[in-house]
Amino acid sequence: MAGQLNPQLLLAVPLAPLAGAAIAGLFGTKFFGNLIGRKTSHTVTILGVLIALIISVQTLLQVIDGATFNGTLYTWMTVGGIKLEIGFLVDSLTAMMMCVVTFVSLMVHIYTIGYMKDDEGYNRFFAYISLFTFSMLMLVMSNNFLQLFFGWEAVGLVSYLLIGFWYTRPTAIFANMKAFLVNRVGDFGFILGIGLLLAYSGSMNYTEVFAQKGMLATLTLPGSDWMLLTVACICLFIGAMGKSAQFPLHVWLPDSMEGPTPISALIHAATMVTAGIFMVTRMSPLFELSDTALSFILIIGSITALFMGFLGVIQTDIKRVVAYSTLSQLGYMTVALGASAYSVAVFHLMTHAFFKALLFLGAGSVIMGLHHDQDMRNMGGLRKYMPITWITSLIGSLALIGTPFFSGFYSKDSIIEAAHSSTLFGSGFAYFAVLASVFVTAFYSFRMYFMVFHGEERFGKAHDGHDAHAHAANDAHAAHDAHGAHDDHHDDEEDEHEHHGLAPGQKPHESPWVVTVPLILLAIPSAIIGFLAIEPMLFGSFFKDVIFVNEAHHAMEELRNDFHGPIGMVAHAFSSAPLWLAIAGVASAYYCYMVNPRLPAAIKQKAGPIFILLDNKYYMDKFNDVVFAGGARLLGRGLWNAGDRGLIDGLIVNGSAKAVNWFSKITRLWQSGYIYHYAFVMIIGVLGFLVWFMPFPFAK
């Protein structure tokens with residue numbers, strides 16, 4: 001039955017995690033003298049997120065029955081005719097995001113009890129992740145651009161704190177600064193897009209801006225023949241490129257692995273990196289009016305999906321493999337946005353949130369079992385030692401590669417079909433990219449799976465057999481996720497690194513229940529949510545009046561015509577390319593890492609230049625360092641030399657002092673100390689005034 005949602009109850013969703021963050025952050029840290037202990041800190045933060053999850057699920061059920069809410073809760077200020085407000089827009093898109101964010105966040109909170117139990121910053125970490133949850137909820141629940149921007153910047157700020165959580169490490173400080181600066185580049189475009197829409201619509205409220213979309217579509221950017229809406233949408237998407245790590249603003253995400261594993265799961269699964277996908281979906285009424293903007297999105301997503309997947313093939317750090325997988329899957333979502341299949345993009349966002357959080361937390365469980373060794377070359381045969389971690393990681397991997405009946409199958413195949421059905425510029429390349437990525441994803445996913453859980457037991461051994469170059473490339477990252485459940489807190493960093501990994505004779509162990517229970521709870525939706533949700537979300541009325549698609553874009557219509565139920569979709573898969581490409585990827589990984597493990601080394605030797613290109617991540621970091629950072633350094637030096645030293649110090653500060661000194665030297669010549677000199681000057685001065693001001697008789 002349709003109705004109005006309770007705004008006071010909705011307000012409790014973001015405020016409950018905020019309250020938990022405030023209690024743990026203020027009273028559980030040195031700020032107020034550690035007034036509460038670890039148990040109280042994790043209890044209040046988990047309780048806050050649990051309350052948010054319960055209300056979110058209740059809200060989703062009401063929304064399914066037809067209830068909505070779109071209103072202002074608080075007016076901050078009014079400037080001219082522009083209102084700056086805090087308000088909520090809760091419809092099916094928002095309710096789904098609320099449930100995903102709070103559920104994954106709750107799993108991460110529980111998992112953190114085991115992973116961070118010996119860390120000195122335990123209470124601080126719980127405060128951060130709870131604050132992160134609040135920020136993301138404010139973002140997805142907003143009904144105006146002001147609140148959207150607040151949540152957008154807040155998740156960026158808290159991610160900066162979390163990536164650099166171990167702030168004594170130079171690598172962590174570098175990684176969080178890199179993430180912060182790259183996101184500022186995207187956010188500059190984002191605020192320009194918001195500014196353009198505000199300038200020409202006169203409002204920051206979504207509903208009011210969307211109501212003027214017809215008028216906005218007729219305008220051009222002053223001084224050019226570019227459509228105003230095209231420029232605004234591309235600027236908004238540049239913001240999404242930063243947050244959702246799209247090429248070329250993706251470089252921050254792999255380095256964010258320097259943060260603890262729980263936050264890797266939270267950032268890369270349901271929250272920060274999906275903010276851009278959510279934002280473009282919410283702005284579908286605007287994006288649908290610009291084919292140029294959609295083509296731009298389609299091409300950027302295609303590049304990210306394919307080329308970031310290649311980088312996952314050569315990684316030896318278990319967390320980095322999953323991180324590059326995230327980049328590739330975000331590319332898939334972006335391709336769906338460009339193909340006007342917004343509901344498919346959000347559907348993959350939801351399924352990906354569950355299985356990617358599962359894979360990250362599974363990787364963290366493996367890292368704990370091996371005393372914080374992240375190098376997959378030191379693993380193998382863990383299946384019999386860590387059975388729960390093994391089976392849940394297998395479920396996550398099967399979902400990721402699009403195995404029939406698993407959640408990822410329904411969302412990935414729908415994206416591939418949407419790209420195939422699109423007629424926009426770049427759709428041909430997009431279809432090739434997402435299709436080729438199926439093989440690449442299956443290969444690197446099961447390469448990781450076989451290296452970690454099967455084959456020879458390589459833990460507790462020396463690393464002498466490792467390839468020197470590859471080891472050097474990963475050394476800065478492979479042993480840096482530590483300080484978790486078994487951290488000894490060595491003062492000497494070199495001594496600490498010596499103790500990573502199992503000693504000879506030691507065996508891995510299964511993680512405690514606070515780690516394995518979240519794995520099991522995430523494995524369930526990873527296996528079944530796609531089967532249950534595809535029909536209502538893609539072809540039902542779930543997103544009715546929420547997502548708008550231009551009649552000229554037929555991708556969703558063709559998907560609807562070809563859909564014959566979730567079981568029929570599985571039957572059709574056996575006659576389509578994606579399933580066989582996935583099987584080929586798994587088979588190739590099995591042969592390379594189980595049957596003939598010497599083959600990868602031989603291929604690497606033969607394809608040396610390609611490996612070097614991939615190992616250097618297409619030289620994007622070096623390019624940014626030379627062109628952007630180097631250019632900034634040159635500009636800074638120029639401004640310092642010409643502006644600071646030359647103009648300010650040289651001319652204004654020192655120049656004014658020199659001028660005063662010169663003038664004082666001249667005037668000092670007249671200060672002789674003799675009275676008759678001064679009297680003479682006074683007489684000459686009076687005569688001068690008389691001559692200047694008195695008229696002469698002959699002037700007439």
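**Notebook: salt bridges, helices and domains**

I began with charged pairs and found that the side chains of Asp375 and Arg377 meet in a salt bridge, 2.6 Å from N to O. By salt bridge I mean a side-chain nitrogen of Lys or Arg within 4 Å of a carboxyl oxygen of Asp or Glu. Asp375 is buried, and Arg377 is buried as well. The burial classes I use are buried for under 20% relative accessible area, exposed for over 50%, and partly exposed in between, with a 1.4 Å probe and protein chains only.

I record the basis of the entries here: the model is predicted, local features need pLDDT of at least 70, side-chain atom pairs count only at pLDDT 80 or more, and totals for chains, interfaces and linings use all residues. Residues are numbered from 1 along each chain as its sequence is written, and side-chain values use heavy atoms, with hydrogens and water left out.

**Further salt bridges**

Arg184 is partly exposed at 23% relative accessibility, and Glu153 is partly exposed at 22%.

I then looked up Asp187 and Lys243, whose side chains meet in a salt bridge of 3.6 Å, N to O. Asp187 lies in helix H6 and Lys243 in helix H9 (residues 228–243), so the pair ties together parts that are 56 residues apart in sequence. Both Asp187 and Lys243 are buried. I also noted one network, in which salt bridges that share partners join Lys178, Asp255, Arg320, Lys617 and Asp621.

**Two buried polar residues**

I placed Ser526 in helix H22 (residues 513–539). Ser526 is buried, with a relative accessible area of 0%. A polar atom of the Ser526 side chain lies 2.8 Å from the backbone oxygen of Leu522. With neighbours within four places in sequence left aside, the contacts of Ser526 (heavy atoms within 4.5 Å) are Phe354, Phe355, Leu358, Ile395, Ala399, Phe406 and Ser407.

I placed Gln147 in helix H5. Gln147 is buried too, with a relative accessible area of 1%. The side chain of Gln147 has a polar atom 3.3 Å from the backbone oxygen of Met138. Beyond its neighbours within four places in sequence, Gln147 is in contact with Ile86, Gly87, Phe88, Met138, Met141 and Ser142.

I listed the buried residues of helix H24 (residues 565–573) as Gly565, Pro566, Met569, Val570 and Ala573. These residues pack against helix H18 (407–421), H22 and helix H25 (577–595).

I found Gly214 in helix H8 (residues 213–216). Gly214 is partly exposed, with a relative accessible area of 45%. The C-alpha atoms of Gly214 and Leu289 are separated by 8.7 Å, although the two residues are 75 residues apart along the chain.

**Surface patch**

I found a nonpolar surface patch formed by Phe680, Val681, Ile683, Ile684, Val686, Leu687, Leu690 and Met694, with about 760 Å² of accessible area together. Patches are made of residues with over 30% relative accessible area and no salt bridge; like charges are joined within 9 Å, and nonpolar side chains (Val, Leu, Ile, Met, Phe, Trp, Tyr) within 5 Å. Accessible areas come from the Shrake-Rupley method with a 1.4 Å probe, and for residues only the protein chains shown count as cover. Val681 is in helix H29 (residues 675–693), and at 43% relative accessibility Val681 is partly exposed.

**Whole chain and domains**

I counted 29 helices and two strands in the chain. The C-alpha trace spans about 120 × 65 × 60 Å along its principal axes. Of the 700 residues in the chain, 55% are buried. Among contacts with a separation of 6 or more, 81% are between residues 24 or more positions apart.

I took domain bounds from an automatic or database domain assignment. The assignment gives domain 1 (1–67 + 92–141) and domain 2 (68–91 + 142–461 + 504–595). The centres of domain 1 and domain 2, taken over C-alpha atoms, are separated by 21 Å. Across the two, 49 residues of domain 1 are in contact with 63 residues of domain 2.

Definitions and conventions
Helix = DSSP H or I, 4+ residues; strand = E, 2+ residues; numbered from the N terminus. Polar contact = N/O pair within 3.5 Å; in protein donor to acceptor, adjacent residues only side chain to side chain.
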